[in-house]
Amino acid sequence: MTTTQIDTGEIDTDKLMAFVFRAVGEVGATLNCALVRMGDELGYYRDLAEHGPTTPEELAARTNTGLPYAREWLSAQAAGDFVTFDAATERFTLPPEHAVALTDETSPAYLPGFFQIALGTARDSHRVIDAARSATGLGWHEHNGDVHEGCERFFRPGYAANLVPAWLPALDGVVEKLEAGVPVADVGCGHGASTVLMATAFPRSVFTGSDYHADSVATARERAAAVGGQLTFEVASATEFSGDGYELVTMFDCLHDMGDPVGAARHVRSAVAPDGTWMIVEPAAGDHLEDNLNPVGRAYYGFSTLLCTPASLSQPVGAALGTQAGPARIRDVVTAAGFTRFRIAAQTPFNNVYEVRP
């Protein structure tokens, strides 16, 4: 083991301590992923949203949980400004804006799934460290359930808010086709949230969702049975999904996870109709590192390191596009597959929506 020698005479003590206290905040934020998951699972946030200013004793009694846990959890949430504390009344309050983000599953600002997938990703970090040492990968299917469930819980509200009212109308002529009734392939569909949203909105069209992860497809089939409509799901990779003549092919936040994105693009090219459309939804990113040095980029680079890049490296080719691939790299993928038209059709703080045509 070697020790790095640092000339302490060149150290600015104020900068050093500022970094140390910033690091303390980072540790608190890391622990807060588990605390948010705890508050979500135990119903603490929902209880606070319903009842307003609350003591630890009241929260513990109403949620049937231990008082010491409720007390310490509330204190941690107050220290992190997730709730407020009134010293005069000794009551804790969840601000209404925070209540929306932490309890309203219909809001595009809903966050518990974001914390859940982050916590699940961190739980598997030891396996990613081993993979980095051996220059191998770690497949999506090899992660714990918080990764799979949290992923859908994070993305689904954004899809619900944007997919039908904004993203699909941003594509040239696609809504009219869907209303008339056309075949659609939703590739990398996961639990089927996007597929179900589209099938519910456009009952005349026929939707086929596919994903290589069998457990996710099983969940998607359960969702399909509950809503009805013309939709089916199959276990298949992005380079092998069945069918052709699709007027619309969709991929939601999954192209960058694929080992062979160009191979997947070529398969889409063979499966899409001559004047069909491929809609690719990817994490919001610019083409240069400096474009992404912001809070959203930081979170996505973290997921890229611990989740998405290992997933790609676990598959043949292992292109490892990364979560922050950016428009230029996505354009390179689709043009290599023979597509000739590419544009950014819509954007949100979390996503870029690309329209790709033959």
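**Briefing: sheet, aromatic pairs and cores**

The seven-stranded sheet is open, with mixed pairing and the strand order β5-β4-β3-β6-β7-β9-β8. This is a predicted model. A search of the whole structure turns up 15 aromatic pairs. The largest nonpolar core holds 39 residues, and a second, separate core holds 28.

- Strands β5 (231-235) and β8 stand at the edges. Each has a single partner strand, so one side of each lacks a neighbour in the sheet.
- On average, neighbouring strands are turned by 20° against each other, direction ignored.
- β8 pairs with β9 in the antiparallel sense, over 6 bridges.
- R341 has its bridge partner in β9, namely R357.

**Aromatic pair across the β8 and β9 strands**

- F342 and Y354 are stacked, because their ring centres lie 5.1 Å apart with the planes at 25°. The cut-off for stacking is under 30 degrees.
- F342 sits in strand β8 and Y354 in strand β9, so this pair ties together parts 12 residues apart in sequence.
- Both F342 and Y354 are buried.
- F342 is also included in the second core of 28 residues, as are M251, M258 and W278.

- F114 and F350 form an edge-to-face pair, 6.3 Å centre to centre, with 80° between the planes.
- F114 belongs to helix α6 (residues 112-123). F350 lies in the loop between β8 (341-347) and β9 (351-357). The two residues are 236 residues apart.
- F114 counts as buried because its relative accessibility is 18%, and the cut-off is under 20%.
- F350 is partly exposed, at a relative accessible area of 29%.
- F114 and F350 also belong to a cluster linked by ring pairs.

**A charge over a ring**

- R269 places its charged end over the ring of F339. The distance to the ring centre is 5.8 Å.

**The largest core**

- Within the core of 39 residues, W167, L168, L178, F207, L248, F252 and M279 touch the most other members.
- L168 is in contact with L163, V174, V175, L178, M198, F202, L248 and M279, leaving aside its neighbours within four places in sequence.
- In soluble globular proteins, nonpolar side chains tend to be buried together.

Conventions: Residues numbered from 1 in each chain as written. Predicted model: local features only at pLDDT ≥ 70, side-chain atom pairs only at ≥ 80, totals over all residues. Heavy atoms only, no water. Phe/Tyr/Trp six-rings, centres within 6.5 Å; stacked < 30°, edge-to-face > 60°. Helix = DSSP H or I, 4+ residues; strand = E, 2+ residues; numbered from the N terminus. Buried < 20%, exposed > 50% of the residue type's maximum accessible area, 1.4 Å probe, protein only. Lys NZ or Arg CZ within 6 Å of the ring centre and 35° of its normal. Pairing = 2+ DSSP bridges. Axes fitted to C-alpha atoms, helices over the stretch in contact; angles between N-to-C directions. Core = buried A, V, L, I, M, F, W, Y, C linked by side-chain atoms within 4.5 Å. Contact = heavy atoms within 4.5 Å.
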